[in-house]
Structure formats: C-alpha cells, structure tokens
Amino acid sequence: MENVGYSSYQIVLNEGSTDILFNYGEDYGASSGGADKTMVGIENFGGTIGLRYPGFDKPGNYKGRSVLFYLGNAPSPVDNDGDGYNSDVDCNDSNPAIHPGAIEICGDGIDNNCNGQVDENCSGSTDDRDGDGYTVAEGDCNDNNAAIHPGAKEICGDKIDNDCDGLIDENCNVSSDDQDGDGYTVAQGDCNDHNPDIHPGAKEICGDAIDNNCNGWGDEICNGVTDSDKDGYKSDVDCDDSNPSIHPGAKEICGDGIDNNCDGQIDENCDDPGSGDDPGSGNADAQGYYYRTSNDAGGPEYKWETFTKDAQRLSFMADSGLQSAIPANGFFYEKEAETNPPFEFYGKDYLRVYIAGNGYLVFAAKDTNYTNYAYDGQSFPAVDEINNLIAPLWLGGEGADASALVNVIYETLGNEPQRRFVMQFNRQGPDGHDIAYQVVFYEGENTIKFNYKSLGSLKGDTFVAGIENSDGSAGLRYAGLEKPAEVVEQSVLFYRGDPPDDPGNGEATTIYMPLVMADSLWRTSVVVLNTSAVAITGTLNGYDANGKVILASEEIPLASKAQVEGSLKDLFGTANLTELAYLSFVSSGAGVVGSVHIKVEGHGMAGAYPAKSSLAASKTLYLPSVIVGVEGWGNIVSLVNTSDETNQVKVEFDNGASKFVTLKPGQQFYFYPVADTEVLSADLKLVQLKDTDPAPTSMVISGGEGLLGAALYFHGEKLSAVALDNQASKDAAYPYLLDGSGWWGGLAFCNPQNEEDTATFTGFIDDGDPAELTLPRLKLDKFKSRSIVSHDLLVNGTGWLRVKADLPIAGMEFFGSSDYRQMASVSIGALQGKVGTFSPLRSGKEGEWSGILLNNINTTESEVSLTAYDASGKVLAEATRKIPANGQLLKEVNALFEGEDIKTAVSVGFTSKSNLVGVVFNGWSYKDNGYLFEELEALPSLFAPVAADLE
C-alpha cells in the first residue's frame, strides 16, 4: 500500500447539546491517495437510522472544513473563531484567518476567502484580471475586484484588506483629513475633528469641562493647573512642577533630602536593601519580592531570547479568556524524569500557567474565564480578582482590542539545572502595529523576567505590569509601563529575598578572539573582564588554524567586576605559540567580555579589538575599508567558523573580485588581500588573494552561521585593529572626529546594498551645538565603499557625527597623527548602550594615560554614573556627570574622578537612562632619539547589553 502521509480531524461533542461536529484539518486529504470510497456519517445503535454525508466522496477537496450533525431545528449561526463571521458564511469557523474577504494565499490549497475557489488568480499572477493596474504578482490580494489593490483607500468597517497591506481596517481611528477645517487632523492631535473650536493650541474655555486645546486636560488654566516641567504630571499632584525628575512615581533618590516621588516622605526605604541600596527598584512587597530593571545599576541584562525549531505556537483572539494550561508537561520537563522541578511563586509550587487574552497569566484557573476584564487603574496588590497572576502587559482602555490576534511562542531552553521557560507574545496594538514582549521563568532561582522589545504603538497610561500572590495580599506593580512608548529593549526582573545573580541566558558564555599574532615579530596580550554581579571561572583556549585546541590555560577565577590581563606567555606558560591562530575564553556564567592587544616587538606599533561572544556570531560580516595597492599599506583579515557545521564562505570585494572558501567547524581562514605587483613576506604564512582592476576598497563576507572575524591595518609605524561587525544601519553615530593640532580623522562607508544609497551628515561640537559641514550629503554607489578625511567634511572642533542613510550602511573610523606615527580605528556597529564598561585602562604608571569619550546621542540632557574598579573588582571611586543634549564628554580618566585615587583602576563601568556612544583611548609615551612618541589605540567600550537604534 502506498504511504500517502498524515491527516488530522476532530470530533466535537458539546455538553448539554445533541450536536456532533466534525472538523477536518488543513492537512486533510493527504492520506486519501485520491480515493473516492471514504465514508462520513452517523448511525444509531441498531443501524436502522443514520445519515451519510455524500460531499465527502472526494476527501482531498474537503480539508479545512466542518460538518455539523444536529437533531431538530437547525442551530443559529455562531462565530466560533471570533473573526467576525458566523458559521453560516465562514467556510472554516475554527480558524480566524479564514473567512469572507480574507487574502487568498497562493499554494496552500485552501479557500482562504470562502468564495468557493482555491488559490484563485495564482496561476495568472502576471495578468491584471480586474484592470486596476496591479497583478497578483505585484501584490493585488483580490484581482477580481478593481477597488482592492495596493495603495487603495482602506474602507473602515467592511472587514476587508482594501489596500492589500495585510491589515484590515487599519488606522480607522485616525483620519488624514481635516474634517472641521480648523487646520488640524486627528493624526496631528485634534481630539475633536468635528468642532473647529477644539484643536491643539486653542484657547481653553473655563467652565465647559471640555479639553479645548487637546492637551489631555479640561479647564486646567481655570483651576490654576499646569505642567510647567513637561513631565506629564499636573501641578495639582506634582510636588515640584519646575523639576521634571520629581513627580508621582519617580525614583526616590536616597540622601538628597527631597521627596522625589511626591508621596509626602523623604528618603523613605533607604535602609531597605531592596530599594535604597538598589536605586530604581521597586519596594519589597509583604512577602519579600522585589524588582530591578535593566536601567538600574546591577540590574538584569536585556537579552531577547531566541527559539529553536522545536518551539510551540499558539494563536487566539485578544479577549478570548483563559487558554489551556501551558506547558502541558511542566515548565522544565524531562521525558525520562519521574518528577519535574516546579516553579515556586509566593511559596507555592506550579508546573504551568494559563494565558488570558487581554494580557496576563494566572497560575491557577478559577471558575470565571476572565473575558471582558480590563485594567482600570487597579493597584498591585488588590484582594479583588484577578489574583495569583503575572502581568507583563495588561491592556486596558484603548489597548484592550478584543479583535486583535495574539500569537504566542513558548519553549524550554538551556540545560539542567539552569533551564528557562520562555513565552513570547506578539499582539496587535491599538494602531494596528505589532507589539512584542517575553516572560521568562528561571529554574532553581524562581525568578521571573519580562523582556520588552517594543511597545511603541501603545499610547496613554492604561497599561500595567506586575505580579500578585494567590489572595491579593502581596504583589508588586511595575510603574514604568505607564509610558509604554518609552519601554524599548528593556527587562524587568522579579525576585525574592537577596538580589539574585543576573540570570542572563542561564548558560556559560564563550567569547572569541579570532586573530592573534605570536611569532618572533609580534606580541599578543589578552584582557578578560567579568561584568556580572557574581564570581565566575573560565579557561583560555588556543586553537590552530584547523580549529584544534592546542593550548589551554589553568582555570582562571574572576570575582565580580574583576579583570585579568596578560601576554600569551603569561597565560599559557612556556609553550610553543607559533601555531596559535585564534583564542576563546569559556566562562562558567554570563557577563564576560574581553579584548586582544597586538604589538610589534621593537616598535611603537599597537592595535586592539574587542572579543566577540559566540552569541554574536553571524552569517554576514562587513569590512568597510580594505587598503590594497597603496604603497606601504597592508591588511590582514581573519575569519573563524564558530558553528558546528561546515560553511561555504564567500569573500566578495566591491570591485567584483570574490573568493569562495570552505570552512569546517572551528577552522580559520587567514588572508592578506594584495595587488598583483605586491610581494608577500615569506614568513607571514598568509593566503594570497589577488585583486582585479580597480583595487577593492571594502568587502562583504557571507556564509553559514557562526562567522566571527577581525582585521589589522598597518602602515610604516602605524597599526590598528578592528573586530568585523555584522551591523549595517540607517542611523549611526561616529564618535570622535580628530582634525587639526597634529591629528586627522577618517571615515569609511560600505554600501552593501545592490542599489545606490545616499548618506546625510549632521555634526555636533562638544556642547551639543550643530557643527558646520562642507559635505552634508554623499552618494554611495551600489555595493561600493567611500572614504572621507574629516577636514574635507567639517570644521575643526566637531565632536561627533551622525550619519543617516536611505538604506543600511556599514562604517568605521580611523584616527591618526599628522606625522603618520600613530593610528587607531573603530568599527561602527554596536557602539551604543545604557550600561557598559571601559576596559582596559592605562593610567596606573608614569608615561601611560587613558581617555574616555561618551557622546550623548539624544536631544535631551543625559546623566551618567561612573564607577572605577581595580583588578580584583573593588570599587575605587564613583562619579556622576551630565552631558548636554547632542553633547560630548571627553576627559582623561583621572579627571573624571576628581580628588580620588584611582591609580590602580583597570576598568570603568557606567550606567545611563538613555543611550550613549563611547570609546576608550589608551596611550604610552616613549623617548627615543630626542622625540616623544605616543602610541594610541582605540577600543569600543564593551557594552552590555547592545542597545536599541539611536533615538
């Protein structure tokens, strides 16, 4: 017999009803083999009475359908799947994506729009059947209706995707027309577009209880109510309306003698280890739970979890009540285990949760299904229902859209005993755009983490997040969700008792150094820093070019914030180093960062680049500057395959030259791009890659998963290094442009797109004022590189440059001295963050210095907290600095901590409420033949985490 596959169907018996429903899955018919003898029907006990459904003689044409058998009168049509269409017209009332007016999806063999046809118009996708100027191939989702096509006007209320953008009735609450002729549309803030006297800027009329000026208040002027500091709180509740950092819900700052949160108390809870010693955290609840955010000092790292192909998926409507218990077998399920570890929450053990459609989880289902329940200012905790819950995003008001579709992905990740159960929610916001967040349960630690990727489409203050116990006597509300548009790439961790270790990803971390130089000419040293709040251990491994571990260090202990630095000989002993190709550091926990420092023996040349985590390994890498055929210049590039699979890697230059390389797991490709006329030094053992005319100026490396790389640049007595980056961006900050006084700065841009691009430049001086530009725009040919020396672009004194492009570009910066004795470089990629570390510092010995640069890339003033640590992780000094909007902080390290002794400092950590861009500069002074030589290296600050796009 032919094996023809698998088919699924359901039989549904409803309590209290004689109805019987047959549901046939969307895969039904796969096992029919074209048969026409399939039987469907019902029959009584004696076989004397029954019904046969004859329409099922050809089952291959009946997938995704239902058949209802009933006694007596026909039942009234119902909408079982909540898509707005009853079963009398909905051809599959168990699937909300199938209904009249839905988009026909070509090739799935389903009648998606219930018009009696399957995959209509798909074969004739190159024809414009309805004459509206669009074919199916060009995006026409209904080529039988000339009123439906891309760009058509969306007709509100018809439940049809008129403009073929995949959304139905989007923006129906926002008008693009000025209906009352007052000069303002709803989209521009008109809160009543049917009354020309009501609009932004209108005069507030006292006594009418109307918000005449559309500022969200009514009669505020008449009552003497203002919001002078523009912090979103009116003067009738704001206890200092002249200071935007003081208002209800603000963080109480211990020791400043001010009632920061307007609760009538000063410095309350400052003796509480969960609040006063942990700025920004929530106060403890009645049973000892606290929270910390990723914006707090020592708070959790923001990390968006990635699922495997085994992840489970679930979809339901936003107000559909509680779903089935998830996961079915337990949070941390093991098939072989007799028992599975539970998750403890407020002293009780649980194996699963229930999901409610309007934005929260409960650990135990009650009699009610909690539909149509919206948050209306309820505090946490509250004895009223709902209790025993976790609320990552409880929608109320305009956010409670019962017609929105919620998609959930869930999976247990990691290994025992540090597994984590992750649930990801994608749902439609009130303006039609998706919002995304995750809930993570950590094994053993019994902590809960909310990851917020983007809530930017949510408006208003009718949203809440928090946790609550089973009777409502204890709980915590996270107030930061009251302005959800500001919650971007942030995490909130709920824990009990002492602050836990940052769960991170619950697994060991490996960082790679993909390029080392270790023969008689070169010297390589390594820096490894533990940025986490707990002690870890790790081992430095050395690999040959084939990925074999040939050297391994002794186990290296690292206390919290501790750093180890040493040459390869220091770390590996007297072993032969000549076969070393690259390094890795395998640690016992998360939060480890590092860097590699390469020097030339007998010269002042030095370069440094940051190590990359295995989590950052990519399929594509960019190198925006390749220098070939220029006298005295050279490049060395190293690529390493960190994955477990063999990769076919393509190295493609912007002049059309390319090379394909097969890299086995762990293998290194090490090459030196040269012109035909150049001669390689025999002892370098490099792979020659000849170019074509013209010479290449940039490269794109693509292949399978797991690529990491680094590059060296050298010329005369100049040397610099960068880690290859996988980031191309439409909006990036170039942190420091040196020009004049014996220094120069250079920019390199790589356009990896297959079409022309345009870059627009905006410069700022150190106080945030705009800088004069001589080249405000630059054309970038498709798949080409362009380089600019800073004095060709802007005037002296420019602190930093913002580059915006029509399409994503990759970039890097060079810095150097006019006598060509010094050079450094920075790859422009993941250089922005709210939490980070500058390492290593060179300020401890005579003749050595370190400078720290921080750019405020925001349009408002930023405050940054700085902490200096010694090699053991001990805190040496703390300081707070303010940086003007679009401004720059550039100081020698000692000057940042005025009056403090930080001679033994090896790193400086920082935290900020807004994204910053940073670089550390290190130098040494040498006297040789009567001249002073300063060696300069530039290393991107090692941010954890990488932040969102620039604001």
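Predicted model: local features only at pLDDT ≥ 70, side-chain atom pairs only at ≥ 80, totals over all residues.
A residue is called buried here when its relative accessible area is under 20%, exposed when over 50%, and partly exposed in between (1.4 Å probe, protein chains only).

Residues are numbered from 1 along each chain as its sequence is written, and side-chain values use heavy atoms, with hydrogens and water left out.

Side chains of opposite charge can pair when their charged atoms come close. For a salt bridge, the cut-off is a side-chain nitrogen of Lys or Arg within 4 Å of a carboxyl oxygen of Asp or Glu. Eight such salt bridges turn up in the structure. In one of them, Glu 305 meets Arg 420, with 3.0 Å between the closest N and O atoms. The two sit 115 residues apart and link distant parts of the chain: Arg 420 is in strand β14 (residues 420–428), while Glu 305 is in the loop between β6 (289–293) and β7 (312–317). Strands, by the way, are DSSP runs of E with at least two residues, and helices are runs of H or I with at least four, numbered from the N terminus. Arg 420 counts as buried too, because its relative accessibility is 6%.

Next, look at Asp 731 and Arg 802, a salt bridge whose closest N and O atoms are 2.8 Å apart. Asp 731 belongs to strand β38 (residues 729–734) and Arg 802 to strand β44 (residues 798–817), so this pair ties together parts that are 71 residues apart in sequence. Both Asp 731 and Arg 802 are buried.

Lys 650 and Glu 652 make another salt bridge, with the closest N and O atoms 3.8 Å apart. Here Lys 650 is partly exposed at 24%, and Glu 652 is partly exposed at 26%.

Now for the backbone. Asn 388 has phi near 55°, a positive value in a residue other than glycine. You'll find Asn 388 in the loop between β11 (360–362) and β12 (389–395), and at 5% relative accessibility it is buried. Asn 886 also has a positive phi, near 60°. Asn 886 lies in the loop between β49 (875–883) and β50 (888–892) and is buried at 14%.

Finally, check the peptide bond from Ser 839 to Pro 840: it is cis, with omega near -10°. Pro 840 sits in the loop between β46 (832–838) and β47 (848–856).
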